[in-house]
Amino acid sequence: MSAEKHLLPPLVRRIGLRLGAALPALFCVILFTFIMMRVLPGDPAVYFASGPNAGQAEIQELRHKMGLDAPMPVQLLHYLENLATGDLGRSLTTGQSVAQDMHERLPASLELTLTALAFSLLISLPLGLTAAWWSGSKYDQFVRAFCSACFCIPPFVSGILLVYVFYYWLGVAPDPTGRINIFLPQPPRLTGLLLIDSALAGDWTAWHEAAGQLVLPAMTMALFVIAPLTRMTRAAVISVLGADYIRTARAMGLPTWRIMIVYTLRNALMPVLTTVGIVFSTMMGANVLVEKIFSWPGVASYALDALVSSDYAPVQGFILLMACLFILVNLVIDLLLGVLDPRVSVE
Amino acid sequence: MARHPLNRRTFLASTLGAGAALTLPYPQGSALAQSRRATLRHVTGGAVNTLDPTMLGSTRESFGLSMNVYDRLMTFGSRPIGAFATFDPTHLQGELAESCEISADQRNLTLHLRDNAVWHDGTPVTAEDIKWSLDRCVSANSLARPQFSSGSLTTPDQFRIAGERTIEISLPKPDRLAMANLAMPYAIMVNSRLARQHATSDDPWAQQWLQHNTAAGGAFRVENFKPGVNVTLTRHDGWHGGVAPFFERIISQTVPEATTRAGLIERGDADIVIDLEAYDIMALSRRGKVHIDSVVESNCFTHLAFNTQSAPFNNVLVRRAIALALPYQDLFAASIFGRGKPLYGADWSGQSPAPDFPQPLPFSQNVQKAREMLAKAGHPDGFHTTFSYATSQTTTAEPMAALIQEALGHIGITVRIDKLPDAQFNTMQARRQLDFYTDTAAGWIEHAYYFFYLYFTRDQRWNFSNWNSPHMVELVEKARFETDEAAYVAECQAMLDLLVNQVPLILLWQPNMDAVTVPDLTGFTYQYYRQVDFRTLARS
């Protein structure tokens with residue numbers, strides 16, 4: 001019990017330090033996106049005041065309403081002021097506040113990305129482990145070829161291909177539009193993650209529908225990241241296999257599965273976990289094509305739509321959100337690394 | 001030693017466990033609670049962003065939705081073309097109004113409301129509601145105000161309550177577009193008692209509230225609205241503005257990927273889509289599993305615009321040379337696979353054209369003449385220019401740009417192709433920074449004069465070629481308030497002649513709207529706002 005007391009304060013201090021160190025980076029992100037959006041050609045007021053008969057007066061009115069007629073430093077001050085109160089601005093594309101849009105859409109992206117990550121780990125951990133175990137064999141060559149193939153096919157191609165085969169041709173997948181069958185009522189929102197919400201509500205029909213909708217987009221995303229995860233697992237496992245304790249374990253005649261899972265994989269997980277962090281953050285921001293193909297109401301497609309129409313607030317909000325997520329994910333990964341290997345948490 | 005609650009073993013186990021839970025098989029044929037037959041599922045690449053179509057920045061899908069949710073005083077009639085129908089620009093009829101009388105001097109409109117008209121909340125529609133709604137159109141800062149001004153409707157004093165169910169509208173001059181403006185998507189009639197409850201001193205017209213809520217009385221009410229994702233409507237059984245709709249429930253869903261939309265229709269999971277890509281439509285029609293209604297978008301035109309205020313396109317001879325150099329037929333075939341109506345190659349010799357716009361103009365390719373014209377213009381060796389188009393137009397504009405580049409190369413003009421993101425394209429268009437580009441326009445009121453007023457006069461964005469012709473302005477002003485029909489026809493013909501003579505822009509074609517539906521869907525009507533009218537659709 002006394003150990004816990006010693007353990008907690010450094011952990012909290014570490015989290016605090018890490019978050020504090022992230023603040024300047026966050027400010028830079030805010031400043032950079034703010035300026036970038038305004039430097040890009042494309043005037044949101046012109047784009048949105050585009051009804052027939054809408055002339056210069058309407059464009060000016062909209063500019064004023066959006067505060068775009070003020071000098072840039074003043075706009076920035078207003079933006080920071082609003083940020084401090086949690087107001088991310090309004091989206092012209094959806095007509096809602098950006099914070100509300102994010103609140104509605106972030107769970108969709110998170111659910112998709114987490115599922116995809118789970119899929120890719122389920123595939124790449126065994127693949128990497130076994131490829132390393134029999135490294136140099138035909139099987140290893142096959143795994144290498146498989147990874148290269150997965151990595152070569154861009155997600156928008158594999159996505160359309162999967163839709164074509166499993167929905168259009170075979171008819172075994174549900175229609176690739178959104179998170180749940182459109183004719184079904186959504187489970188009451190608690191976390192926004194449909195699998196969890198429907199499970200909590202005990203609505204197993206909705207759970208199965210939501211899970212069914214997840215399979216194809218998550219597979220599409222998973223395919224693309226199988227390669228880095230498998231290769232990283234393989235490399236890590238190979239380096240561990242040369243270690244003294246593995247030789248000892250073998251010499252002592254421990255069963256193969258035990259050596260593989262308990263002594264090898266556990267010790268090889270560190271670099272894999274670091275890669276998982278990077279892969280997760282990349283997937284969150286880069287799954288825009290998958291979201292488009294599967295009409296997934298996530299944050300990435302939302303940000304892309306906003307970018308195309310020069311809608312400043314959603315793009316800024318999205319990048320800020322991604323930056324925060326990136327920082328959080330790295331923190332969580334760091335803490336998990338500490339769990340895997342207590343040496344890491346020693347500062 | 002005390003153990004940390006999350007250790008290697010539990011972490012691994014929980015990760016694998018979560019993964020395994022997600023791979024449970026997907027059950028087939030789960031029962032759907034709603035009756036599918038009475039539900040229409042519409043898929044679209046666009047998105048509804050507001051329930052109030054007059055909001056600055058509202059999308060075309062928002063206009064379309066509001067036509068099903070809100071009533072206007074008037075509406076255009078429809079006429080059949082084969083198995084489907086199109087709106088009839090020459091026939092205005094009452095929607096919320098039962099009848100409309102025009103005074104002899106054409107300066108007063110008297111509208112009588114339907115006796116049985118009720119709002120979605122069941123309360124009767126009153127003349128006060130109508131007065132408030134009309135006032136809102138001309139007072140609030142919205143898209144309705146500039147639209148209404150095109151019908152000489154500019155101040156609240158013009159609208160007078162003349163009885164419990166009667167409204168009088170007075171006009172400063174007889175304006176031929178006043179009544180048509182009452183049928184426009186912006187002219188929504190609002191339940192003022194309900195809307196006023198949500199008005200504030202900063203927002204006297206409840207614009208904020210009406211973006212995400214409705215105070216309407218149209219054929220459908222909004223059950224659920226997720227901006228950018230989907231909208232669900234249910235039928236309003238107290239609606240009497242037209243024939244009662246067949247469908248009890250409408251789901252309008254945003255599906256960004258055109259190929260996915262095509263797949264949904266072909267597998268029968270969606271019922272109607274109107275925005276597929278031409279190549280998907282060709283493939284669908286070959287396989288024959290869907291029904292396709294193709295109709296020329298009669299109020300729409302695709303064109304090439306010049307910046308007529310800057311060199312070299314400020315020279316009319318240069319514009320004429322380009323009009324002579326273009327391979328119209330090839331453009332039509334390559335760009336939209338011939339799915340539309342050409343607006344070139346007319347023969348006007350010896351007769352005046354009908355006073356219509358858009359209509360085919362007498363332009364055709366003649367490379368020899370084009371070279372001579374360019375030499376006469378002072379550019380015997382041609383010049384360099386840039387041709388621009390917006391990213392959203394890529395499928396049609398890309399082949400078009402390549403053909404134009406090649407054709408103008410033959411007369412010595414070097415064309416650089418510039419594909420611009422939509423927001424940038426629109427901004428440059430509004431700022432007059434595009435020299436030569438393509439775009440498509442659709443006018444809501446199919447009167448020749450209205451098109452000329454909108455697209456060829458004044459310093460505003462829709463004057464695509466930034467044309468400044470005092471003669472055109474004069475003709476448009478005259479035609480607008482013209483009460484003598486023969487004089488109006490003559491003025492429209494003069495406008496057309498001026499257009500052909502000065503070539504501020506080159507008309508190419510009117511694209512088709514292809515409504516792709518499941519085979520048992522009937523009653524599609526092409527509407528000038530180019531969205532689906534759910535009210536007329538039915539299942540056979």
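Modeller: A crossing of two helices is right-handed if the near helix is turned clockwise from the far one by less than a right angle, and left-handed if anticlockwise. This is a predicted model, in which local features need pLDDT of at least 70 and side-chain atom pairs pLDDT 80 or more, while totals for chains, interfaces and linings use all residues. Residues are numbered from 1 along each chain as its sequence is written, and chains are lettered from A and ligands numbered from 1 in the order in which they are written.

Now the pair itself. Helix 11 of chain A covers residues 256–286 and helix 14 of chain A covers residues 312–340. Their axes (lines fitted to C-alpha atoms over the stretch in contact) come within 10 Å. The axes cross at roughly 165°, on a scale from 0 to 180 degrees between N-to-C directions. Helix 11 and helix 14 of chain A are therefore roughly antiparallel (over 145 degrees; under 35 is roughly parallel, 65 to 115 roughly perpendicular, the rest oblique). Their crossing is right-handed.

Which residues meet? On the side of helix 11 of chain A they are Leu269(A), Met270(A), Leu273(A), Thr274(A), Gly277(A), Phe280(A), Ser281(A), Met284(A) and Gly285(A). Helix 14 of chain A contributes Met322(A), Leu325(A), Phe326(A), Val329(A), Asn330(A), Ile333(A), Leu336(A), Leu337(A) and Leu340(A). Contact here means C-beta atoms, placed from the backbone, within 7 Å. The residues of this contact divide into 13 nonpolar, five polar and no charged (nonpolar: Ala, Val, Leu, Ile, Met, Phe, Trp, Tyr, Cys, Pro; charged: Asp, Glu, Lys, Arg; polar: the others, Gly among them).

Just after helix 10 of chain A, Gly253(A) takes a positive phi of about 75°. Ala145(A), in helix 6 of chain A (residues 138–152), is exposed, with 10 other C-beta atoms within 10 Å.

For chain A as a whole, buried residues make up 43% of its 347 residues. Among its contacts between residues at least 6 apart in sequence, 71% join residues at least 24 apart.

Notes
Helices (H or I, at least four residues) and strands (E, at least two) are DSSP runs, numbered from the N terminus. A residue is buried if 20 or more other C-beta atoms lie within 10 Å of its own, exposed if 12 or fewer, and partly exposed in between; C-beta atoms are placed from the backbone. Two residues are in contact if their C-beta atoms, placed from the backbone, lie within 7 Å.
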